[in-house]
Every structure is written in structure tokens, then in C-alpha cells.
Amino acid sequence: MAPTVTSVHESEPKVASIKTLAGSDALTSVPSEYAYIMDPNDKGDANDPEHSIPIIDFALLTSASPDERAQMIQKLGKACQEWGFFQVINHGVPESLMKQMIDACQRFFELPEVEKKEFHTKNLLDPIKCGTSFNVAIDKVRLWRDYLKVIAHPKFNSLYKPAGYSEVSLEFSKRTRAVATEILNGISESLGLEADYITKAMNWDRGCQILAANYYPACPQPDLAIGIPPHTDHGLVTLLIQNDMCGLEVKHNDQWVLVNAAPGSFIVNYKSIWHRATVNNTSTRISIAVPHGPALDTPAVPIPDLLEKEGEKAKYIGMTYEKFMELQASPAAYMMPCLDHLRVKDN
């Protein structure tokens with residue numbers, strides 16, 4: 001793994017976790033430092049059939065039947081092009097394992113603050129880190145969330161507490177990575193490439209996998225706070241699971257869409273699409289996003305074969321995954337999608 005990268009700040013103000021704040025009996029309104037005003041007309045809708053994210057049947061994507069697989073690859077390609085987000089069902093990862101992973105993360109967040117303190121860090125690529133908000137040293141508005149991030153590949157890292165986390169996270173990370181690999185193979189084929197083209201180009205065997213858990217407790221004024229504001233991810237392909245509470249919203253055709261995922265499904269983010277996490281006033285939402293990326297030293301560039309085929313010039317400059325992660329963790333990521341920072345100015 002590459003040397004540790006220090007984030008833009010050298011010291012963080014001491015800020016209580018959102019779990020501690022939300023658990024206070026005295027809390028009846030959102031503190032001013034968490035106040036985030038959203039347009040009431042700009043809320044996601046999960047009921048509009050024209051704005052439901054596509055569903056990919058993993059069993060058909062990996063089917064031994066050439067016709068079934070070809071049809072699902074075509075559907076996958078369309079989902080990537082038109083949405084960048086989709087659900088994956090029949091993926092073979094036991095729903096019981098997914099629930100165990102969520103429960104293990106919940107038990108971590110429920111540990112006394114003093115027991116989590118050893119995992120507080122300001123280094124971007126530390127193997128295990130937890131905290132609150134996004135970057136409390138620079139956040140103009142604090143976020144209604146706590147987080148835990150554990151790098152699970154190329155070297156598997158794990159917590160020694162709570163009990164059972166290590167075993168569950170090892171199995172979950174392996175099974176999730178296998179699903180992500182097959183999805184990338186399907187995406188490669190949807191582009192007219194060999195199935196393993198993307199994984200080879202991105203040095204997938206050394207690729208980075210992160211288990212990123214988010215804890216969003218009930219909020220007394222959910223319209224005045226935000227779990228995570230509109231942003232784009234750094235991962236090549238991100239798989240997400242959540243407990244029974246919704247909150248993920250995706251921007252599609254200039255409209256926010258509330259993602260109402262099927263039980264036991266993965267929500268997959270492939271393209272650099274704006275999305276956000278909202279909060280509610282009834283119950284805690286826990287999500288686990290699993291971004292899978294290239295090897296840290298691998299530059300991501302437009303695919304030369306496709307540029308030649310289409311007679312196009314590259315619209316983006318190349319950047320190593322490590323540098324791209326630094327960009328995504330910086331204030332610049334709030335201003336516009338990270339990929340826009342890499343756009344060739346003449347295009």
C-alpha cells in the first residue's frame with residue numbers, strides 16, 4: 001500500500017459524535033452548526049415509476065445461457081449510461097450475512113466514545129478510521145452522521161471490537177468483491193470490450209476496497225439537517241446496503257429520486273452521479289457503502305480502444321486513484337463532481 005496521506009487539516013476541533021448529540025434528552029431542535037436548509041420542493045420521490053432506478057438480475061448476468069446473459073448485459077449498459085445507479089438482485093450474498101454486517105457496524109457505533117477514540121485519525125488512507133461529519137476542521141455545516149471506514153483490500157484490515165466484527169467483515173468483503181468483479185465484467189462487455197478489460201487495466205488484483213459504514217440517528221428536525229450533502233464518489237464501482245430505513249437520494253434528469261431498494265439487494269453506483277443522504281425523525285438509518293477502486297498507483301484514463309473506435313479525443317486527463325481519493329476528500333468535491341475537475345478545458 002502507498003505511504004499514508006495526510007488530509008488537508010493538521011488538527012481537528014473536538015466535536016461530539018452525532019450519536020452522542022442525538023441521544024441527549026435535552027435535544028429538541030437542530031443546533032445551528034448542523035443547520036442545512038433544503039428546498040422543500042427539491043425532495044426525492046420513490047413513487048414515480050418513471051424515476052425508479054433500474055434492476056439488474058445478477059443470476060441472469062452470470063447465466064450459462066448466452067441469450068440471457070446478453071440481454072442482461074445490454075440492460076446493464078443502459079442502466080450505466082442513463083442512470084449510473086442500479087439495484088442488483090439475486091446476487092448470491094446471503095441476506096443474513098448482510099444483516100450481520102449491519103448489526104456489527106451498529107454495535108461499533110454503540111460502543112462508548114472512549115472505546116472508539118483510538119480509531120480517530122486525520123490520515124486519509126489509514127486502514128481503520130472513524131469520526132463524525134465529513135471534515136470538522138473545514139465543514140461549514142456539520143453533517144448528521146458518524147462514520148467508520150475500514151480498508152479491506154488489497155490487505156484485509158479489521159476491528160478487534162465489537163466481538164464478531166472481524167469474521168463477519170471478512171466474509172462480507174470477499175462476497176461483495178466477487179459481485180463487484182462480475183458487475184465490472186458485464187460493464188466491460190456492454191462497452192464491446194473483453195470481459196476482463198477493465199479489471200486488467202485497473203490492476204484489480206491490487207485494487208482498493210473500503211467498508212464505509214454510516215450512522216444517521218433520528219433527527220428532531222430532518223428538514224433542517226443533512227446526512228451527507230450532494231456529492232460524487234471516488235470508487236470505480238460502489239455497492240451499498242442499508243437497514244430498513246431509506247434515505248439515499250440520486251439525481252436523475254435534474255430531479256432527486258429517493259431510492260427504495262428491494263430487500264436483500266445491493267444498490268450500485270457506477271458513474272460519478274450526484275447523490276445525497278437525507279435523515280428522518282423516526283429511527284436510525286445505517287448504510288454500508290463498499291467502494292471498489294483501482295490499485296492506488298494506477299491512473300484512470302479514458303479507454304484508448306473506445307476513443308479510437310469512436311474517433312474521439314480524450315475529454316478527461318488521467319489521475320492515479322490515490323490522487324483522485326485526495327481530491328474527493330477535499331473541499332473541491334463539494335463544488336462540482338470530481339470528474340469535472342479532470343475535464344479537458346477545450347471540450
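Contact here means heavy atoms within 4.5 Å. Keep that cut-off in mind for what follows.

This is a predicted model, so local features need pLDDT of at least 70, side-chain atom pairs count only at pLDDT 80 or more, and totals for chains, interfaces and linings use all residues. Residues are numbered from 1 along each chain as its sequence is written, and side-chain values use heavy atoms, with hydrogens and water left out.

Confidence first. pLDDT is the predictor's confidence in each residue, on a scale from 0 to 100. The protein averages 89, and 89% of the residues score at least 70. Residues 1-13 are below 50, and that stretch has 29 contacts in the model beyond near neighbours in sequence. Where pLDDT is low, the predicted coordinates should not be read in detail.

Now the overall picture. The protein has nine helices and 14 strands. These are DSSP runs, numbered from the N terminus: helices are H or I with at least four residues, strands are E with at least two. Of the 347 residues, 48% are buried. Buried means under 20% relative accessible area, exposed means over 50%, and partly exposed is in between, with a 1.4 Å probe and protein chains only. Take the contacts between residues at least 6 apart in sequence: 78% of them join residues at least 24 apart.

Next, strand β12, residues 285-293, where we find Arg-285. What is the nearest side chain of opposite charge to Arg-285? Glu-249, at 9.7 Å. Arg-285 is buried and has no salt bridge. For charge, Lys and Arg count as positive, Asp and Glu as negative, and His and the chain ends are not counted. A salt bridge needs a side-chain nitrogen of Lys or Arg within 4 Å of a carboxyl oxygen of Asp or Glu. What Arg-285 does have is a polar contact, side chain to side chain, with Gln-242 at 2.8 Å. That term covers N or O atoms within 3.5 Å; within protein, one must be able to donate a hydrogen and the other to accept it, and residues adjacent in sequence count only if both atoms are side-chain atoms. Leaving aside neighbours within four places in sequence, Arg-285 is in contact with residues including Tyr-215, Tyr-216, Met-245 and Cys-246.

Ile-288 is also in β12. Ile-288 counts as buried because its relative accessibility is 0%. Not counting residues up to four places away, Ile-288 touches, among others, Met-101, Phe-172 and Leu-240. Tyr-147 is 141 residues away along the chain, yet the two C-alpha atoms are separated by 9.5 Å.

Asn-280 sits in the loop between β11 (275-277) and β12. At 14% relative accessible area, Asn-280 is buried. A polar atom of its side chain lies 2.8 Å from the backbone nitrogen of Ser-283.

Last, aromatics. Rings of Phe, Tyr and Trp (its six-membered ring) pair if their centres lie within 6.5 Å; planes under 30 degrees apart are stacked, over 60 edge-to-face, the rest tilted. The count is five pairs. Phe-108 and Phe-109 are edge-to-face, 5.8 Å centre to centre, with 70° between the planes. Phe-119 and Tyr-160 are tilted, at 6.4 Å and 55°. Those two are 41 residues apart. Is each ring buried or exposed? Phe-119 is buried at 7%, whereas Tyr-160 is exposed at 57%. Phe-108, Phe-109, Phe-119, Tyr-160 and Tyr-215 form one aromatic cluster.
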